[in-house]
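Student: I would like a close look at a single part of this model, with its surroundings described in order. Please keep the account connected.

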Amino acid sequence: MTFKIAASPHTHQRRTTRQIMRLVYLALIPGVILQSVFFGWGVWFQLILALATAWLAEGLCMRLRGRPMWSAWRDHTAMVTAVLLAISIPALAPWWIIVIGTAFAVIVVKHVYGGVGQNLFNPAMAGYVVLLVSFPVQMTSWPAPTMLTEHSISVVDTINLIVSGYTSAGYNLEQLRTGIDGLTMATPLDSLRTDLGSQMTLAEATDKPIFTDFAGVGWQWINLAYLLGGLVLIKLRVISWHIPAGVLLGLGLPALLGAAFAPDQQIGPVLHLFSGATMLGAFFIATDPVTAATSNRGRLWFGLLIGALVYIIRTWGGYPDGVAFAVLLGNMMVPVIDKYTRPVVYGHRGHP
Amino acid sequence: MNEYKELTWQGLWANNPALVQLLGLCPLLAVTSTVTNALGLGLATLLVLVGSNITVSLVRDWVPKEIRIPVFVMVIATFVTVIQLLMNAYVYGLYQSLGIFIPLIVTNCAIIGRAEAYASKNPWRRSAFDGLMMGIGFSAVLVVLGGVREIIGNGSLFDGAELLLGDWAAGLRVELFAVDYPLLLAILPPGAFIAMGFIIALKNLIDHYREQRAKQPAKQVTRARVTAQ
């Protein structure tokens, strides 16, 4: 008779990585659909390009490492990375942007460190930062939400823009973004950053068509959709509530203080929480089980740190949004956080 | 003669200051955005290394052990000042583009490391040769890293070579491919770290294969069957 000898951990989750990743896909769906409603067909093409690149890069890496390719394709982690990266970049960015970013995320950030579960940094966000640092113009050229533009961009023109940079009528992205009245449509956070930086008050800065709703046309609904998806993930116990709560608190509290003491010079908490990549970052990106802190107390600190960093970068930093940088900096702090938040072993006393 | 062969091997490959000892990374990562800058700093470091190794080796018996490090630093600083003034006089463009990293050669650990580890214990001819080989090893890594970063980040090679070599070298510039949007990351400091990591990985890979090849014949031991059936 043989006994099965299993290595730790002896307590485990019911789900396999594949099942968890599939749930993450499903939870992302409402946000992605809304994003494609507001930013056009480009979102879907970016997704296709990202998925194809991730699939190829993952296969190539497993081949080079002498491991079975199907095992990596089956667990879907690279595909989730690809989806997260594809929805983080502007919908009409040229095709090579997403290809370079995804390839870097999968090959350098994930496989060079040893593959699934071994990476120090969140692959999607590391890929995003590489793109943002390397191609600042393309990475900040968000198209205006479709209801604010005079003419919508057709499917064919979307493909033309992504592949060649020009529509069939010969307009490039910059001309389309500038529109007929000569006003460039910046993202809400970008526009606020510029205006507040030039000594306008918040009331003056938000007196633009993009701010007719409570946190920016389009962006607020996308954020609400990701919030919904995230809450479903918490309900299904795919992620714990600690990290998202930490991020939202870490961002919301300073924003509340800013609104209380300098209401005219600071972006308010509602705008902070429902604009940019806040909800996507809090529920889908910071919660990556590989690169986040491990204990519940540690996760709370990890989230708080990321939230506070997002606030700092948005308010005083050089970029309008800072989720990617905050997550990477948080990843670096994880070993320290884990060291100081190690749970006490049952039966032992805590730190004296 | 065997000693010199060993020094060559150690300096260029087995104990390369940049790839194995990981010394002098600050200038290595900071100035290697183009081949020209890399070559300029590599040559300057090479000259300082040879000069300081010879001098340290010559004075090694007169320097009290307790104050040897300050003395070595003074010697190195002297050579760096000489090189700096020469570069200021003859290759002014390169002098400006390297900027603070010329005086910072003084703090390059590769140089004080060789003075302490080799030159202070060996006669001057060997020390000079050691400095030469370590310097070439260091410069080679600088040039390779500069080349990789310049190709990826700019699509060119030997951009600005005339700053180092004179006007005739302007024709050396090779445009490998035209890029509308350069991959800025390769030119920026993070790109240097990433590229350096890959170069070290490549070196380790080559060493790994060499080791395996060396091991191979030993494994094929065939044993004659001695027992009768």
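Which residues have the most contacts inside the largest nonpolar core, and how many residues does that core have?

Tutor: The model is predicted. Its largest nonpolar core has 102 residues, and those with the most contacts inside it are Ala50(A), Val83(A), Leu85(A), Ala86(A), Ile285(A), Phe302(A) and Ile306(A). Take Ala86(A) from that list: leaving aside neighbours within four places in sequence, Ala86(A) is in contact with Gln46(A), Leu47(A), Ala50(A) and Ile98(A). Apart from this core lies another, of 47 residues, which includes Leu49(B), Val50(B), Val75(B) and Ile112(B).

The unreviewed UniProt entry lists as "transmembrane region" residues 20-38, 73-89, 120-139, 217-234, 241-261, 267-286 and 298-317 of chain A. In the model, residues 298-317 of chain A are 95% helix and 0% strand, with end C-alpha atoms 26 Å apart. Residues 217-234 of chain A are 89% helix and 0% strand, and there the end C-alpha atoms are 27 Å apart.

Chain A also carries an annotated site. UniProt, again in an unreviewed entry, gives Thr187(A) as "modified residue: FMN phosphoryl threonine". Thr187(A) sits in the loop between helix 9 (173-178) and helix 10 (188-197) of chain A. Thr187(A) counts as buried because 23 other C-beta atoms lie within 10 Å. Beyond four places in sequence, its contacts are Trp142(A) and Pro320(A).

Helix 4 of chain B (residues 68-90) has 23 residues and reaches 33 Å from its first C-alpha to its last, close to the 33 Å expected at 1.5 Å a residue.

For chain B, the unreviewed UniProt entry gives "transmembrane region" as residues 12-32, 38-59, 71-92, 98-115, 127-148 and 183-206. Residues 71-92 of chain B are 95% helix and 0% strand, with end C-alpha atoms 30 Å apart. Residues 183-206 of chain B are 92% helix and 0% strand, with a separation of 28 Å between the end C-alpha atoms.

Finally, the contact between the chains takes six residues from chain B and six residues from chain A. On the side of chain B that touches chain A, the residues divide into six nonpolar, no polar and no charged.

Technical notes. Residues numbered from 1 in each chain as written. Chains lettered and ligands numbered in written order. Predicted model: local features only at pLDDT ≥ 70, side-chain atom pairs only at ≥ 80, totals over all residues. UniProt positions renumbered as here; feature names shortened; annotations may be inferred. Helix = DSSP H or I, 4+ residues; strand = E, 2+ residues; numbered from the N terminus. Expected span 1.5 Å × (residues − 1). Contact = placed C-beta atoms within 7 Å. Nonpolar A, V, L, I, M, F, W, Y, C, P; charged D, E, K, R; others polar. Core = buried A, V, L, I, M, F, W, Y, C linked by C-beta atoms within 7 Å. Buried ≥ 20, exposed ≤ 12 C-beta atoms within 10 Å, placed from the backbone.
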